[in-house]
Amino acid sequence: MKGVILAGGSGTRLHPLTRITNKHLLPIYDRPMVTYAIEALVGAGVTELMVVTGGTHAGEFFRLLGNGHEYGIDRLFYAYQEEAGGIAEALGLAERFVDRDRVLVLLADNIFEASLQPPIENFRAQERGARILLSQVEEAEHLRHLGVPVLEEGRVTRIVEKPEDPPSSYAVTGVYLYDDQVWGVLPTLRPSGRGELEITDVNNWYVDQGLMEYDVIEGFWGDAGESIDAYYEVNDFVRGRRR
């Protein structure tokens, strides 16, 4: 299995911090945000990685990570996204790197308390299809800003983006696991209203085929790129854990 860490985007929700750097290079407590994503994958046994980034600060990732060996990475590759065209478009840049293997996609601003190894092992045991990680979120107002699954009899039957009336109390986190069918899905996507190729459309394709599985991840989950408040919430959690 290959790992793809998505670390692009304009980071407008964290302005003015991101006017001077990529948001994934901002510090979370005592080190850059992207290193937590690397630690999560390497700790779960995924050591062939590609970092997809963009913008004017892309070279800083190479300065920080180099060949990746210091972080436990066996092979580290980089890809450059010319414009902010969406998560699904960024994933498409990794097709030759993944080379028909299975792939785990991780948004680099997602911070997890729990290990990603159990859901990865569950995905390895799947014959085919995709898998997402869910986190329980009690506040309906928060769910209105996230992707929320419709759950019926233990199955995901739809994923709704930013629902006014959330259909469940679970959020889709920034971890997506796909088999090689994903490379046939990506070219069929059409831009959304905001002009981007949406990863939710990829996930709903697998849902429609009856090929989507999920795990509910326990413990803390935070999206440090969601807002300034979320960024500092993640910082507070990590600082507390480090102590």
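Which residues lie nearest the centre of the largest pocket?

## The model and its largest pocket

Of the 40 residues that line the largest pocket, Arg13, Lys23, Ile87, Leu107 and Arg194 lie nearest its centre. This is a predicted model, in which local features need pLDDT of at least 70 and side-chain atom pairs count only at pLDDT 80 or more, whereas totals for chains, interfaces and linings use all residues. Residues are numbered from 1 along each chain as its sequence is written, and side-chain values use heavy atoms, with hydrogens and water left out. A pocket is an open set of points, on a 1 Å grid over the protein atoms alone, where a 1.4 Å probe fits and protein lies on both sides within 12 Å along at least five of seven lines, and its lining residues have an atom within 4 Å of a point.

The volume of the largest pocket is about 950 Å³, a volume being the space filled by probe spheres set on the grid points, which are joined across faces, edges and corners. At least two lining residues come from each of helix 3 (87–92), strand 10 (155–161), strand 11 (170–178), helix 8 (199–208) and strand 13 (221–223), where helices (H or I, at least four residues) and strands (E, at least two) are DSSP runs numbered from the N terminus. Strand 11 provides the largest share, four residues. By class, the lining holds 14 nonpolar, 17 polar and nine charged residues; Ala, Val, Leu, Ile, Met, Phe, Trp, Tyr, Cys and Pro count as nonpolar, Asp, Glu, Lys and Arg as charged, and the others, Gly among them, as polar.

## The second largest pocket and helix 1

The second largest pocket has a volume of about 360 Å³. Its lining is made up of 19 residues, and Tyr36, Glu39, Ile111, Phe112 and Glu113 are the closest to its centre. Helix 1 (34–43), strand 7 (110–112) and helix 9 (228–242) each contribute at least two residues to this lining, with helix 1 giving the most, five residues. The lining of the second largest pocket divides into 11 nonpolar, three polar and five charged residues.

In helix 1, the buried residues (under 20% relative accessible area, against over 50% for exposed and in between for partly exposed, with a 1.4 Å probe and protein chains only) are Val34, Thr35, Tyr36, Ala37, Ile38 and Leu41. After helix 1 comes Gly45, which has a positive phi near 90°.

## Helix 8 and its surroundings

Helix 8 is largely enclosed by the rest of the structure, because seven of its 10 residues are buried. These are Ile199, Thr200, Val202, Asn203, Asn204, Tyr206 and Val207, and the buried residues of the helix pack against helix 3, strand 8 (130–136), strand 10, strand 11, helix 7 (182–185) and strand 12 (212–216). Just after helix 8, Gly210 adopts a positive phi of about 70°.

## Aromatic pairs

The whole structure contains seven aromatic pairs, defined as rings of Phe, Tyr and Trp (its six-membered ring) with centres within 6.5 Å, and described as stacked when the planes are under 30 degrees apart, edge-to-face when over 60 and tilted for the rest. One of them joins Phe62 and Tyr78 in an edge-to-face arrangement, 5.7 Å centre to centre with 65° between the planes. Since Phe62 lies in helix 2 and Tyr78 in strand 5, this pair ties together parts that are 16 residues apart in sequence. Phe62 is exposed, at 53% relative accessible area, whereas Tyr78 is partly exposed, at 29%.

The pair of Tyr231 and Tyr232 is also edge-to-face, with ring centres 5.0 Å apart and planes at 70°. Tyr231 is buried at 4% relative accessibility, while Tyr232 is partly exposed at 44%. Ring pairs also link Tyr176, Tyr178, Trp205 and Tyr206 into a cluster.

## Two asparagines

Asn110 belongs to strand 7 and is buried, with a relative accessible area of 4%. Its side chain makes a polar contact of 3.1 Å with that of Asp109, a polar contact being a pair of N or O atoms within 3.5 Å, of which, within protein, one must be able to donate a hydrogen and the other to accept it, and residues adjacent in sequence count only if both atoms are side-chain atoms. Leaving aside residues up to four places away in sequence, Asn110 touches (heavy atoms within 4.5 Å) Thr173, Gly174, Trp221, Gly222 and Asp223.

Asn67 sits in the loop between helix 2 (59–65) and strand 5 (75–81) and is partly exposed, at 46% relative accessibility. A polar atom of the Asn67 side chain lies 3.0 Å from the backbone nitrogen of His69.
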